[in-house]
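Let's take a walk through a protein model together, one stop at a time. Have the sequence and the 3D view open as you read.

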Amino acid sequence: MLVIDNLTVSYNGKAVLHDVSLQVQPGEMFALIGPNGAGKSTLIRAISGVIAPQSGTVSYQNDNVLTMNESRRAHLVGVVPQARQLGGAFSVEETVLLGRTPYMGWLGRASEKDQEIVREALVSTCIDHLAQRRIAELSGGEQQRVLLARALAQDTPILLLDEPTNHLDLQHQVVLLNLVQTLVEEKKLIVLMAMHDLNLVSLYSDRVGLLVDGALQHAGQPNEVLTQENISAAYRTAVHVVAHVEENKPLILPDRKANNLHHE
Amino acid sequence: MGVACLTHATLFSSDTDAMKISVYLLAILLLIFCLMISVAVGAVFISIPAIGGILLSQLSFTSIVPDWPASFATILLEVRLPHTLLIALTGAALAGSGAAYQGLFRNPLADPYLIGVASGAGLGAVLGLSLRWPETLLGFYLIPFFAFIGALVTVALVYNLARVARTVPLTTLILAGVAVGAFTSSATSFLTLQSNELFYRALSFLLGGSPVSGWDPVLAALPYMLVGFVLLTFSGHILNVLQFGEEQAQQLGLPVERAKIFVIVVASLTTAGAVAFSGVIGFVGLIVPHTIRILVGADYRHLIPLSILGGGSALLLADLLARILLAPQSLPVGIVTALIGAPFFLWILRRAKRQVFW
């Protein structure tokens, strides 16, 4: 179980995460939602160890994830970052192989097993046909899948995803989330995912956390968190919540008329 | 896993290994060719069979009847051979460390010369030369060490000056490098003007010519460079991971701060070995890694060793030009590399502007 306990993160003396506590079980997909700047990415970066929190702990099976060395942490936590910086001249295959860094040592010599795992990751993310292409030549959606493949190659029990469906069209959004869902079910992964699309969150996540101004305001099942009251208040936008035609899931629709009035 | 892919076509190439081996073979053959030409060509031409004969006759168990003038042996063994080896080692060191600096700063224009590291090493070396130590053999071996310290101080200074938040942008890197490089060059000139004859020796050094000849500089620089070459080659994977930025590198399990310091120290060690006795030779560290990158791609595990091999060949060819352009007078090789390198640099600059990757 991934346990985040009273995590507080500050930039330049200004707290961007206040006392966030949550737990994610193996086989559970936990979605983080909230307006821009609410601290979703900060939480993911803090858990992955790249920004030091002011206080609080992150632990997995009673091991403190934040105090272990980089290599050990990379055996436990894989990240699909919001890709701003990519080694564009690398091929897809070379990039995904970097997911094996925690297993390869300083020389980066890939074993048969490493190559086999890379191959599986490429196939399961549907980018095996792009293996020899350069990252810079790919579309945003293809790059996103490369980053997912790299995180899968890392073969960790915990997977953190920061806006994984950004830049993806509907088909690829569904393909990607179906894949993550399959992994969660089959490999009992712990998945923590920051997402903007509330309807995809409703359809795919087991639990949802609503972050507002760095604090976790609500956490629970989609039905409990994705309510008209919670969403309208958090996003300062009037919304309607309607029922999915087939599943027992809430869907969020912005109230165009009410929001027009709001502006006048 | 039953995921429906939209396209199916597998393109795992198994012949890339064969291709890579042939690239290494080509690079080694080119280097051997350049070494032979460099040894053969000069004020007197020594034919390849004569070179072979002279070298073999050095071995005690062979008895070869010389069919070449006796002076050829002296020219070859005392002048050409050490000069050629020093040039090859220097080119290899500059290109190898150039490739490493480019990877470390994630910047295609980083070169030991452009970012001021070579000038810093030069200042260190000149300080070393100015002491009376060089007259002793131990002092000679300490010159690369002085250059190493000079290079380390400079690279730390430039990196911190150029750093904006977590990245080192192209413009600030070049500006900081030029400023620090100008400062260290001026400090060197200042020292030189306070001159005695030892400093006079240092001046020709600054023009990118070798002020000392014979085997001593080769032997003094060799340990630094050999250690540098091996460790640079080992740092290929680290540099690969760093290409995705420090944050992702850390998430992939790389101890980023230690890895960066490792690469900086190793690249500076190699640069120092090069600068200590060959002076400041610009652009080799830029041209060679870029050419290799265009030919074989961005994987630093291959880019670094191939740059080391190619750098040796490139500087040997530049040195050959330097020796024959105004023969019998010979130019400092740094002038030739700058004459060829500056236009190449401009081409890279334009290419970097057009493309989002390099």
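Before the tour starts, here is one term: strands are DSSP runs of E with at least two residues, numbered from the N terminus. Also keep in mind that this is a predicted model.

With that term in hand, look at chain A and find Asn6(A), which sits in strand β1, a stretch covering residues 2-11. What is the phi of Asn6(A) near? It is near 50 degrees, a positive value in a residue other than glycine. That deserves a second look, because most residues other than glycine have a negative phi. Asn6(A) is partly exposed, with a relative accessible area of 37%.

Now move along chain A to Asn62(A). Its phi is positive too, near 70 degrees, and again the residue is not a glycine. Asn62(A) lies in the loop between β4 (55-60) and β5 (63-64). Is Asn62(A) buried or exposed? The cut-off for exposed is over 50% relative accessible area, so Asn62(A), at 78%, counts as exposed.

Time to hop over to chain B. Chain B has 358 residues, and 52% of them count as buried. If you take the contacts in chain B with a separation of 6 or more, 75% are between residues 24 or more positions apart.

Anything under 20% relative accessible area is called buried, so Gly103(B), at 0%, is buried. Which residues does Gly103(B) touch, not counting those up to four places away in sequence? They are Leu239(B), Gln243(B) and Tyr300(B). Ala220(B), on the other hand, is 117 residues from Gly103(B) in sequence, and the two C-alpha atoms are 28 Å apart in space.

Next, think about the inside. In soluble globular proteins, nonpolar side chains tend to be buried together. Here the largest nonpolar core has 83 residues, and those with the most contacts inside it are Tyr101(B), Phe105(B), Ile115(B), Leu254(B), Phe277(B) and Ile304(B). Helix α3(B) provides the largest share of this core, with 13 residues. There is also a second, separate core of 50 residues, which includes Ile33(A), Leu161(A), Leu189(A) and Leu198(A).

Leu254(B) can carry us to the place where the chains meet. Neighbours within four places in sequence aside, its contacts include Ile238(B), Val241(B) and Leu242(B), but also Glu70(A) from the other chain. Zoom out, and 51 residues of chain A are in contact with 39 residues of chain B. How much area is buried between the two chains? It is about 4000 Å², and carbon and sulfur atoms give 63% of that.

On the side of chain A that touches chain B, α7(A) gives the most, with seven residues. That side divides into 23 nonpolar, 18 polar and ten charged residues.

Key: Residues are numbered from 1 along each chain as its sequence is written. Chains are lettered from A and ligands numbered from 1 in the order in which they are written. This is a predicted model: local features need pLDDT of at least 70, side-chain atom pairs count only at pLDDT 80 or more; totals for chains, interfaces and linings use all residues. Side-chain values use heavy atoms; hydrogens and water are left out. Buried means under 20% relative accessible area, exposed over 50%, partly exposed in between (1.4 Å probe, protein chains only). Contact means heavy atoms within 4.5 Å. A nonpolar core is a set of buried Ala, Val, Leu, Ile, Met, Phe, Trp, Tyr and Cys residues joined through side-chain atoms within 4.5 Å. Helices (H or I, at least four residues) and strands (E, at least two) are DSSP runs, numbered from the N terminus. Buried area is the accessible area (1.4 Å probe) that two parts lose on being put together, summed over both. Ala, Val, Leu, Ile, Met, Phe, Trp, Tyr, Cys and Pro count as nonpolar, Asp, Glu, Lys and Arg as charged, and the others, Gly among them, as polar.
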